[in-house]
Amino acid sequence: MPPKRPLTLGDIIEVYCSKCRLNLDASVAAIIDGNVVKVMCRTCGNEVPNKAPVDPKLKKDKALERLMKMRAKKSEGPKMAVPSPESPAVAVRKLWDDLTASADPRRAKVYDLHRSYAVNDVLLHKQFGMGVVHARDQDGELNVLFRDGFERIASDQPVDE
Ligand SMILES: [Zn+2]
């Protein structure tokens, strides 16, 4: 290794600029006991602490690691309620399967805007297929679980004369 001459003020070195959040050239701005403590970023012009350049791959890996940890933490809670780490869509489909498995399609009511339905009624919708009424608002709006998820549809609407 060639002998390094000690850095002096104004020397250009590569640092990690905490303002730009990038590895950039900076000029040495302060030296204490032979250590560069402050640099001036040549890109943003700010005086920032001298930080060694960051390996972008390492940084990415760390960010990924953090993300995974956050995900793991997040799934700890809901895991108690939902036994398997399924996506919501899969969970909804499973619920629909369970609810409609015991339903007799012959007893299913054909959906009609003007009819009224109760919670747990099985209905047949032209577009969404078989569904189970999950909730009903005072004004007749139904929240129905269909094969592809929940849909809000109107019911109990007055017939126009
Ligand atoms: Zn900068």
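Which residue in β2 is the bridge partner of V15? In this predicted model, local features need pLDDT of at least 70 and side-chain atom pairs count only at pLDDT 80 or more, whereas totals for chains, interfaces and linings use all residues. Residues are numbered from 1 along each chain as its sequence is written, and side-chain values use heavy atoms, with hydrogens and water left out.

The bridge partner of V15 is L24 in β2, and this pair belongs to the antiparallel pairing of strand β1 (residues 12–17) with strand β2 (residues 22–32), which extends over six bridges. Strands are DSSP runs of E with at least two residues, helices are runs of H or I with at least four, and both are numbered from the N terminus; two strands are taken to pair if DSSP finds at least two bridges between them. The hairpin of β1 and β2 has four residues between the strands, and R21 takes a positive phi near 55° there.

Strand β2 is also joined by six bridges to strand β3 (residues 35–41), again in the antiparallel sense, with I31 standing opposite V36 in β3. In the hairpin of β2 and β3, where two residues lie between the strands, D33 takes a positive phi near 50°. Three bridges then connect β3 and β4, which are antiparallel, and V39 has V48 in β4 as its bridge partner.

Together, the four strands form an open antiparallel sheet in the order β1-β2-β3-β4. Its edge strands are β1 and β4 (47–49), each of which pairs on one side only.
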